[in-house]
Amino acid sequence: MEIANVVEKCAGVVQEVTIGATKEEGGTRRKTVTIGGANSLPFMDFDGNPGHKPAIAIDVYDIPPEDWPEPLLKHYEDVVNNPANWAKRCAEEYGADLICLKLDGIHPDRGNKSADETVSTVKSILEAVDIPLIIWGCENNERDNEILPKVSEATKGEKCLIGGATQENYKTITAVCLADGHNLITQAPVDINIGKQINILVTDLGFPTDRIVMFQTTGALGYGIEYCYSIHERGRIAGLSGDRQMATPVICDVGHESWRAKESKASDSEAPQWGSFADRGIMWEAITAVTLIQSGVDIIRMYHPEAVSIVKEHIEKLT
Amino acid sequence: MALTGLEIFKLLPKTNCKKCGRATCLAFAMQLAQKKAELKDCPDVSEEAKSVLGAASTPPIKLVTIGSGEKQISIGEENVLFRHEEKFYNPTGVAVTLSDDLDDEAFNQRLKKINALKFTRVGTEIEIDLIALQNNSGDASKFAERAKNVSDNTHLSIILKSKSVDNMKAALETCADKKPLIFGANAENWEAMATIAKEKNCPMTISASTLEELADLTEKIKEVGVTEIVLNQVSESAKEILQGLTKIRRAALRKAFRQLGFPALTYMPNGNPAQEIASASVFMSKYAGIVVVDSCEPWQIMPLLTVRQNIFTDPQKPVQVESKLYEVGQANENSPVLFTTNFSLTYYTVEGEVEASRTPAYILAVETEGTSVLTAYSGDKLNEDVISKAMTDSKIEEKVKHRKLIIPGLVAVLSAKIQEKTKWEVLVGPKEASGLPTYLKTTWH
């Protein structure tokens, strides 16, 4: 029997955003990454075009991470003091589509690194890898506003993705990203209205919508994932229904959030009932990622190389 | 699919006779649409109206119940495609496979392991629901013997999987009282399987590789008299299954397509253990009634059950933790005391950061009806009186020697009032929980 026609055409399309620029385009990247472009819900290609596949960014820090559990740290132990080598490993061995440089070290409490030092770190990474770069501040407004403009200027033409612009602090970072040709992360605290509002604020400053990526603050599996799942889903449905301010691609922060979870950190002796410590954190990260992918995300920030390969294989199976 | 008041009105006698107790037929129709009236109140309603309205009021996705007693599970009867539209009602059943051809020792060991797959998260026990006993031996007496063994030795519900009608009959003789799910009906054997299901009053699956075939077969099975049907789309492609589950849900909810108005069970496509759990997790979020996995390691099952726990929470109702004093690490009489609200996301964020700081501490979760710090403050659910009462109730004064209270930076404005009311010295903590590790390391010591 014929079944009811369940195809649902969407009026809107998620903006395509390209991160990175090749030599011809004014940068130095050998590869660029384009995300967005969907006019269907994730993987529903019978409805329309599901757009570009979600891309994986692997995080690199400008200071050695604190409190990483052994099953994670062992993959990075020898590079945590050298962001360039760290990035190189992620790009060449761990399958990163992008590098996300998180500038925790510029925070006053975590190193208070100078602009010069930070710029040279960024440059060393650009030299070490040929994939595009995401550069993320430390969430201290003063330090971000002081350092990010220098970083933006030093990477002019590379079409990085820089963030985050928040409702309270967006003017400086929006202005420099606009001037230097970068893409911009707009950030909201798991709140669809603030998410839309911050997109309106930056576009009011003349920032083009095809250079914006939204961040709704991520909750890991077991730690509020359902809130951000539904916020992403509502946002994506709004964007696909024609709300242009919500039709920007979305980035989520899976690595950091899932490796903070007790389930990833507790050792075999601390939590024998939870099974193998070596495998548990990897699954926690991978399952956080695949679940969020269903809610409509375009870039996933991750940590563990095995979790990255599980998620990449999973995405292949669904496309 | 629910009818609107006007659609119902067209089916009524339109005599405005008032026998139903309403002023007009239209008023009655409106109340019917809102489920505030019942059709039997109208003495003159036609047979046609009865059948149309009756069909419209049955749920678009049939509720199917498997098992008996405490651990019986119900699947189906969902109303929405997206959890934010309302909520997902009946959590996906998680089944783990068990083959009847394992030798006795391996069989009993695996059975024991499956029985133990339960965890406690956020104060709630989460556990798998079903054992899928598979007739891999192809032997009837073996299958029956194993079915009896499982039935006698598990608290979980049972799926019996065999394509052989005779073997299914043999196994059912040992455990039909447990109302197992009969799995094995397909285009060839559906009639015989449906006959057993009807006779034993058990739910059954129907398997086919396309939704069109499934729709044909559910019609036929219903004619035999079985109503508790579970759909099984057979595919080795995760993408095909994901799309199939979505199409089934849409057909049932958006198009009132009764032939697919049943919950769906899915096996995982071939893959390694990690891919199996990844597939099961996404099928759970996107509409599977039951997922069947081979994995039975805690590190595989725990994340899967956590996805279910999270996705099936009610989005309209903030999840709360018990309002009480929590101890993080080996807190003692000199440990810091912080408070936050009883909104679980807020509480667990604070708890996570305190844990990360490696400073043992007391966290007081104050009753704010599950709202966050700012929301509670602006709704006057978090004020000096509420905080003072929570402190007294928790007997914090007996737990610590000092009298210093760390308050969330977002309610710094309450400092003076809290200090006055409680006579404790107030220390203003960071605005975001992420600032706690630094704060505790620097300010507290």
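A:Ala55 stands opposite A:Ile299 in β10 of chain A. Strands here are DSSP runs (E, at least two residues) and helices are DSSP runs (H or I, at least four), numbered from the N terminus. The model is predicted: local features need pLDDT of at least 70, side-chain atom pairs count only at pLDDT 80 or more, and totals for chains, interfaces and linings use all residues. Residues are numbered from 1 along each chain as its sequence is written, and chains are lettered from A and ligands numbered from 1 in the order in which they are written.

Strand β3 (residues 55-61) and strand β10 (residues 299-302) of chain A run parallel and are joined by 4 bridges; two strands pair if DSSP finds at least two bridges between them. In chain A, 8 strands close into a barrel, in the order β3-β4-β5-β6-β7-β8-β9-β10, with parallel pairing.

A:Leu98 touches A:Ala55 and A:Ile299, and also, among others, A:Ala57 and A:Ile131, leaving aside residues up to four places away in sequence. Contact means that C-beta atoms, placed from the backbone, lie within 7 Å.

Chain A as a whole has 11 helices and 10 strands. Its radius of gyration (taken over C-alpha atoms) is 19 Å, close to the 20 Å that the globule rule (2.2 Å times the number of residues to the power 0.38) gives for 319 residues, so chain A is as compact as a globular protein of that length. Along its principal axes, the C-alpha trace of chain A spans about 65 × 55 × 35 Å.

Key: Contact = placed C-beta atoms within 7 Å.
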